[in-house]
Amino acid sequence: MTELLTAAQMRAIEKAAIDSGIVTGLELMERAGRGVVEAIFEEWPELGKRGASPSRSPEYLEKDEEGFRAVVLCGPGNNGGDGFVVARLLRERGWAVEVFLYGDPEKLPPDARVNYERWDSAVRQLGHDLPTDWKALLSDSKLVVDAIFGTGLKRPFPRLEGFWASLNNCFKPEVLTKVVAIDNPSRLCSDSGRILDANQLSTFAPTAHLTVAFHRFKNGLFLSNGPAASFKATVCDIGLENCGSLLKDAKCADEEAFSRGSQVLPGKTARLVAEGSLAHLRKTALMHKYANGHALILSGGSGKTGASRLAARGALRIGAGLVTLGVPPSAQMEVAGQITALMLRRVENGDGLAEVLKDERLNALCLGPGLGQERARELVPVVLRAGRAAVLDADALSAFADTPERLFGMLHEACVLTPHGGEFARLFPDIADKLNEMPTKGPAYSKVDATREAAQKAGCVVLFKGPDTVIAAPDGRCSINSAQYERAAPWLATAGSGDVLAGFITGLLARGIAPMQAAETAAWLHVECAREFGPGLIAEDLPEQLPAVFRKLSL
């Protein structure tokens, strides 16, 4: 797991480190600037070639000398100070650097002001009227550095006339200019990944080829518009790895923003789901099938069994010892002709399900895929009264759209809800309204906030699906499973993939894995299976990729 931070938490970590005397603000700013420059040259080694000697003005290079040009855009806060460090370091390597400042240099924070003064060349204003040579300046530059706001954006980005149109030109395939954002692309709320101005949504486009975050990624890089704003994101170590403990005594001006979304407070973790430790998936030679659990997947009627069969196949492939499909009489022949390793039990109604559940070896259930809402309304209460681990998906959620409080009253801590956006809005309309409201200030309400609130309301784990899947538990633990950047898996947008995910979670629950960990692990493996197969993926392919994924994980 990779820990994520809100902007308020990052500020508190830095303040705690500075107040303790471990480091000064100027030292942190210098480390940040150097980290950005190193990240640039690591990403594009061809830019690491030195230009003119620092003792020579790059404007007077000989014809056989190569000098690179950069434009650095500095803002009115410490992100702008980082930009001045980057500008100075690039110039020391022989680059010709043009610096623009948005704001009044007299109002810069103290550390940023020091680095402004260390930049002993001209600084041009980035205001409503762009210089006449703006487009030519960008097209002639190898690099544009966005150090305008970073994580500090709390209100709509000023509508600079022509600014974004000119910058967007850098993202045309034929243009060689690279755009790097320091800590966070300046148009985004770093906590939510949202744009704070509805008028800018229609013109939104990528604003960075590379974002260099400090110490930890911020939530917004993986939520909402965040991944669309930057082609790639990386983390730069600025020497704060051992400073987390300082936060126990740290004071934060924005306690609400501090506790929302992130890693430092116990029970308030937002983590980026990664490979991490998957050792719990490994089977041993001493195990027998019942040691790995027995999952029951409930199916709908004739012609509606495909989704449940997908879920059941997923549960079996991920390692459940046994998987049984519970089907109504009308679907018995249909299902029997389609399955081999899976088993079948007749489950006609609630009474029939209660009889089946007398077998206490059935320790994990899945309801929803293809179940039908009428059947769901009858079977869900029976399952929840049994108190066993259960995944509720699709129809098991939609069946209670008109009476969500009834469902919440039946849920228990061994449940996992897996709604997509529409199902989430029907179950949690008040939360969805807050999430869908156009933000006008930051930090904006985020998908992390919404999923946490939903989990607390439901009293169980909620997995809110999407390319930025968010998983939260009632105690505040939270993870983001990002299928973006280098883990992009657009092929998952296919019918039935969510049914397989429900089956993956159910299979892990059957193996005795706790609900939060089962949801995180299943979501991560779900993306890995899609990436293993690649383009052309359909839902049936997902479970069949698990053996290859497991082999790569040495499981």
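# Questions on a predicted model

Student: Where is leucine 367 found?
Tutor: Happy to start there, keeping in mind that this is a predicted model. Leucine 367 is found in a strand that spans residues 362–367, namely β14.

Student: Is leucine 367 buried or exposed?
Tutor: Buried means under 20% relative accessible area. Leucine 367 has a relative accessibility of 0%, so this residue counts as buried.

Student: Which residues does leucine 367 touch, not counting residues up to four places away in sequence?
Tutor: Contact means heavy atoms within 4.5 Å. Leaving out residues up to four places away, leucine 367 touches Leu298, Leu379, Val380, Val383, Val391, Leu392, Asp393 and Ala396.

Student: How many helices and strands are in the chain?
Tutor: Let's step back to the chain for a moment. Of its 555 residues, 57% count as buried. Its secondary structure comprises 21 helices and 19 strands.

Student: What share of the contacts with a separation of 6 or more comes from residues 24 or more positions apart?
Tutor: Here we take the contacts in the chain with a separation of 6 or more and pick out those between residues 24 or more positions apart. Their share is 73%.

Student: Are α2 and α3 parallel or oblique to each other?
Tutor: Helix α2 covers residues 25–43 and helix α3 covers residues 78–92; their axes come within 8 Å and cross at roughly 55°. Angles under 35 degrees count as roughly parallel, and 65 to 115 as roughly perpendicular. The α2 and α3 pair is therefore oblique.

Student: What is the handedness of the crossing of α2 and α3, and which residues of α3 make the contact?
Tutor: The crossing of α2 and α3 is right-handed. On the α2 side, the contact is made by Met29, Glu30, Ala32, Gly33, Arg34, Val36, Val37 and Phe41. By class, this contact of α2 with α3 has 9 nonpolar, 3 polar and 4 charged residues. From α3, the contributors are Asn78, Gly81, Asp82, Val85, Val86, Arg88, Leu89 and Leu90.

Student: How are α3 and α4 oriented to each other?
Tutor: Helix α4 covers residues 110–118, and α3 packs with α4 at an angle of about 25°, with axes 8 Å apart. An angle under 35 degrees is the cut-off to apply. That makes α3 and α4 roughly parallel.

Student: What classes of residue make up the contact of α3 with α4?
Tutor: The crossing of α3 and α4 is left-handed. Asn78, Gly81, Phe84, Val85, Arg88 and Arg91 of α3 meet Asp111, Ala112, Asn115, Tyr116 and Arg118 of α4. By class, the contact of α3 with α4 has 4 nonpolar, 3 polar and 4 charged residues.

Student: What separates the C-alpha atoms of aspartate 120 and arginine 88?
Tutor: Aspartate 120 sits in the loop between α4 and β4 (123–125). With a relative accessibility of 61%, aspartate 120 counts as exposed. Aspartate 120 and arginine 88 are 32 residues apart along the chain, and their C-alpha atoms are separated by 9.1 Å.

Student: Which residues of α10 and α21 make the contact?
Tutor: Helix α10 (residues 306–317) and helix α21 (residues 541–552) pack at an angle of about 20°, their axes being 8 Å apart. That makes α10 roughly parallel to α21, and their crossing is right-handed. The contact is made by Arg313, Gly314 and Arg317 of α10 with Pro543, Glu544, Leu546, Pro547 and Phe550 of α21.

Student: Is serine 224 buried or partly exposed?
Tutor: Serine 224 lies in the loop between β8 (217–218) and α8 (226–229). Its phi is positive, about 50°, although serine 224 is not a glycine. With a relative accessible area of 39%, serine 224 is partly exposed.

Student: And alanine 394: buried or exposed?
Tutor: Alanine 394 is in the loop between β15 (389–392) and α14 (395–398). Phi of alanine 394 is near 45°, a positive value in a residue other than glycine. At 17% relative accessibility, alanine 394 counts as buried.

Student: Is the peptide bond from glycine 442 to proline 443 cis or trans?
Tutor: Proline 443 has its place in the loop between α17 (429–436) and α18 (447–458). Omega is near 0° for the bond from glycine 442 to proline 443, and this bond is cis.

Note on methods: Residues numbered from 1 in each chain as written. Predicted model: local features only at pLDDT ≥ 70, side-chain atom pairs only at ≥ 80, totals over all residues. Heavy atoms only, no water. Axes fitted to C-alpha atoms, helices over the stretch in contact; angles between N-to-C directions. Helix = DSSP H or I, 4+ residues; strand = E, 2+ residues; numbered from the N terminus. Parallel < 35°, antiparallel > 145°, perpendicular 65-115°, else oblique. Left-handed = near helix turned anticlockwise from the far one by under 90°. Nonpolar A, V, L, I, M, F, W, Y, C, P; charged D, E, K, R; others polar. Buried < 20%, exposed > 50% of the residue type's maximum accessible area, 1.4 Å probe, protein only.
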